[in-house]
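Colleague: I'd like to learn how to read a fold like this one. Could you walk me through it, starting with the sheet?

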Amino acid sequence: MTTARISIGLFAFALLACVGCSEAPSIVKGSVSKGGEALQVSGQGDIQIHFIQEENGKMTGQTFMASVDSTGHFEAEVPAGDYRIAVQQLDPYPDVDKLKGKFSQNKTPIKQSVKAGDTLDIDLSQYDK
């Protein structure tokens with residue numbers, strides 16, 4: 001009976017350890033621009049892109065972040081799925097968002113399904129309304 005309990009315990013542990021195994025992160029590349037131009041910051045600034053995972057239209061709390069370089073390009077490691085995409089143009093970092101919070105995690109209108117190998121080209125002017 002003790003062996004059976006140990007076996008059940010090990011099986012349960014292995015099962016819990018494997019939850020989410022199929023959601024291995026993958027690389028997603030892309031660019032962020034506004035009106036076709038890369039966003040710019042000073043030497044004290046940083047441009048960040050946040051992928052906020054969603055399930056059934058609700059944020060799960062899982063967030064993946066990457067910095068955007070001076071040419072507007074980014075590379076992020078995220079599992080495949082549905083995301084709300086936030087962008088911050090912080091200059092000086094971390095005090096002032098030059099986008100005035102319009103694309104913050106709670107306000108961004110950008111939603112995208114993402115899978116391995118995707119290239120996302122996001123032009124913020126498409127969402128300026």
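Modeller: 4 strands make up an open, antiparallel sheet, ordered β4-β3-β6-β7. On its edges sit β4 (58-68) and β7 (111-114), each pairing on one side only. On average, neighbouring strands here are turned by 35° against each other, direction ignored. That angle is taken between lines fitted to C-alpha atoms, on a scale from 0 to 180 degrees between N-to-C directions.

Before we go on, this is a predicted model: local features need pLDDT of at least 70, side-chain atom pairs count only at pLDDT 80 or more, and totals for chains, interfaces and linings use all residues. Residues are numbered from 1 along each chain as its sequence is written, and side-chain values use heavy atoms, with hydrogens and water left out.

Colleague: What counts as a strand, and how many strands are there in the protein?

Modeller: Strands are DSSP runs of E, at least two residues long, while helices are runs of H or I of at least four, both numbered from the N terminus. This protein has 1 helix and 8 strands, in the sequence pattern α-β-β-β-β-β-β-β-β.

Colleague: How do I read the pairing, say which residue is the bridge partner of Tyr83 in β7?

Modeller: Two strands pair if DSSP finds at least two bridges between them. Strand β6 (residues 81-90) is joined to β7 by 4 bridges, running antiparallel, and Tyr83 has Gln112 as its partner there. Strand β3 (residues 46-55) also runs antiparallel to β6, with 9 bridges between them; one of the pairs is Ile49 with Val87.

Colleague: Is β6 largely enclosed or open?

Modeller: Think of burial as a cut-off: buried is under 20% relative accessible area, exposed is over 50%, and partly exposed is in between, using a 1.4 Å probe and protein chains only. In β6, 7 of the 10 residues are buried, so the strand is largely enclosed by the rest of the structure. For the protein, 35% of the 129 residues count as buried.

Colleague: Which residues have the most contacts inside the largest nonpolar core?

Modeller: A nonpolar core is a set of buried Ala, Val, Leu, Ile, Met, Phe, Trp, Tyr and Cys residues joined through side-chain atoms within 4.5 Å. The largest one here has 22 residues, and Ile49, Phe51, Val87 and Leu124 have the most contacts inside it. At least two core residues come from each of β1, β3, β4, β5 (73-78), β6 and β8 (119-123).

Contact means heavy atoms within 4.5 Å. Not counting residues up to four places away in sequence, Leu124 touches several residues, including Val32, Leu39, Val87 and Phe103.

Colleague: Where is Tyr93, and what does it contact?

Modeller: Tyr93 lies in the loop between β6 and β7. Its relative accessibility is 45%, so Tyr93 counts as partly exposed. Beyond neighbours within four places in sequence, Tyr93 is in contact with Gln44, Gly45, Asp46 and Gln48. Tyr93 and Asp46 are 47 residues apart in sequence, yet 6.1 Å apart in space, C-alpha to C-alpha.

Colleague: And Ser26, buried or exposed?

Modeller: Ser26 is found in strand β1 (residues 26-34). At 13% relative accessibility, Ser26 counts as buried. Setting aside neighbours within four places, its contacts include Ala76, Val78 and Lys115.
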